[in-house]
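I opened my notebook to look through a new structure step by step. Here are my entries, in the order I made them.

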Amino acid sequence: MIPCGFVSAAVRSFTPSGPAGGRFCWRLLGTGSATRRNMSSKRQVDHLERTASNYRQNALYPAEVCGIVNESETVKRLRIGVHPDFTFKAGQWVDFFIPGVEKVGGFSMCSSPGLLQREGVIELAIKYTKHPPAHWVHTACNVGSRVAMRVGGDFFFDPSPSDPSVDLLLVAGGVGINPLYSILLHTTDLLHLNQASRGRDYNISSAHLCYSAKNTEELLFKSSITEACRQFPDKFSCHFHVTQQRAEVDPHLQPFVRSGRITEEELQAHVNPQRTLCYLCGPPPMIEAISKTLTGLGLPKDRILFEKWW
């Protein structure tokens with residue numbers, strides 16, 4: 001990994017046309033929402049078309065890959081140096097333009113706005129698939145590779161100090177952890193700001209993460225997540241739900257690991273209809289089931305935000 005400097009090269013031959021496929025974002029739950037689509041459609045709609053109604057910044061920024069690590073056997077984390085004017089909110093995604101690749105990727109940031117402010121970089125964790133942008137990341141991307149990015153998305157957490165106190169409930173499935181990890185990191189940064197100012201400038205009462213994966217090997221960012229829980233035990237808590245665990249669980253993870261899917265009982269323990277704000281990201285069937293459970297527990301639909309990925 002090398003230091004990320006200012007990205008000075010101009011963007012050339014980036015045209016935001018052509019199909020993208022892959023993950024996409026819906027912001028939702030509300031009757032009559034324009035973002036409710038028919039998930040059974042057989043035609044594979046591309047990322048740009050699926051997210052056409054979502055907020056997007058106007059600017060397309062040049063960027064340069066300055067670090068690549070294997071987050072797991074199937075996920076690479078890119079560290080990307082960006083233009084000084086690049087900004088985003090925790091939970092948002094980027095349109096990802098690659099020279100020579102017609103299809104446009106859509107990937108959620110897995111880093112915090114604070115990291116961007118401190119170091120001028122963002123991070124993306126991308127799972128291997130045959131979808132051209134993801135395939136390029138795993139087979140052709142190198143340190144020094146140049147791309148272009150445009151920020152978009154209505155799924156984000158960006159509180160102001162004057163906002164009422166909130167309890168965050170974050171529910172992730174698989175690589176759906178990416179935007180929620182960004183939100184968790186942003187929350188950590190805000191709590192550090194509160195400590196530095198010796199006040200309670202940001203009214204974050206608590207944050208609980210429910211994160212489901214096949215096994216502990218597929219849990220991304222688990223060390224950082226458990227460290228946040230240990231650093232702020234009165235604020236953060238998490239349960240890692242594993243559905244196909246065969247190997248013995250690492251002793252350091254054991255206090256956080258639960259066998260089986262996320263349960264109604266766990267959700268109920270972290271739902272206060274007046275204070276809880278829930279962010280969900282994962283496969284559509286999981287999101288539909290969790291959303292139904294949360295509304296059944298009395299959480300208003302306007303306090304349930306979700307992003308679906310394929």
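**Confidence.** I reminded myself that this is a predicted model. The average pLDDT of the chain is 87, and 84% of the residues reach at least 70.

**Overall make-up.** I counted seven helices and 12 strands in the chain. Then I checked contacts with a separation of 6 or more, and 76% of them join residues 24 or more positions apart.

**The sheet.** In what order do the six strands of the open sheet lie? I wrote down β4-β3-β6-β1-β2-β5, with antiparallel pairing. β4 (105-108) and β5 (121-127) each have a single partner strand, so one side of each has no neighbour in the sheet. On average, neighbouring strands here are turned by 40° against each other, direction ignored. I zoomed in on β2 (residues 75-82), which seven bridges join to β5. One pairing I noted there is L78, whose bridge partner in β5 is L124. Helix α3 (residues 132-139) lies across β2, β3, β4, β5 and β6, and runs at about 105° to β5.

**Salt bridges.** My search of the whole structure gave 10 salt bridges. D95 forms one with R56, their closest N and O atoms being 2.6 Å apart. D95 sits in strand β3 and R56 in the loop between α1 and β1, 39 residues apart. D95 and R56 are both buried.

D95 also meets R150 in a salt bridge, at 2.9 Å from N to O. R150 lies in strand β6 and D95 in strand β3, so this pair ties together parts 55 residues apart in sequence. Is R150 buried or exposed? R150 is buried because its relative accessible area is 13%, which is under the 20% cut-off.

Next I looked at R146 and E64, whose side chains meet at 3.6 Å, N to O. R146 is in strand β6 and E64 in strand β1. R146 counts as partly exposed at 46% relative accessibility, and E64 is partly exposed at 24%.

**One histidine.** Last, I found H186 in helix α4 (residues 177-197). H186 is buried, with a relative accessible area of 11%. Beyond its neighbours within four places in sequence, its contacts include F157 and D158.

Definitions and conventions: Residues numbered from 1 in each chain as written. Predicted model: local features only at pLDDT ≥ 70, side-chain atom pairs only at ≥ 80, totals over all residues. Heavy atoms only, no water. pLDDT = per-residue confidence, 0-100. Helix = DSSP H or I, 4+ residues; strand = E, 2+ residues; numbered from the N terminus. Contact = heavy atoms within 4.5 Å. Pairing = 2+ DSSP bridges. Axes fitted to C-alpha atoms, helices over the stretch in contact; angles between N-to-C directions. Buried < 20%, exposed > 50% of the residue type's maximum accessible area, 1.4 Å probe, protein only. Salt bridge = Lys/Arg side-chain N within 4 Å of Asp/Glu carboxyl O.
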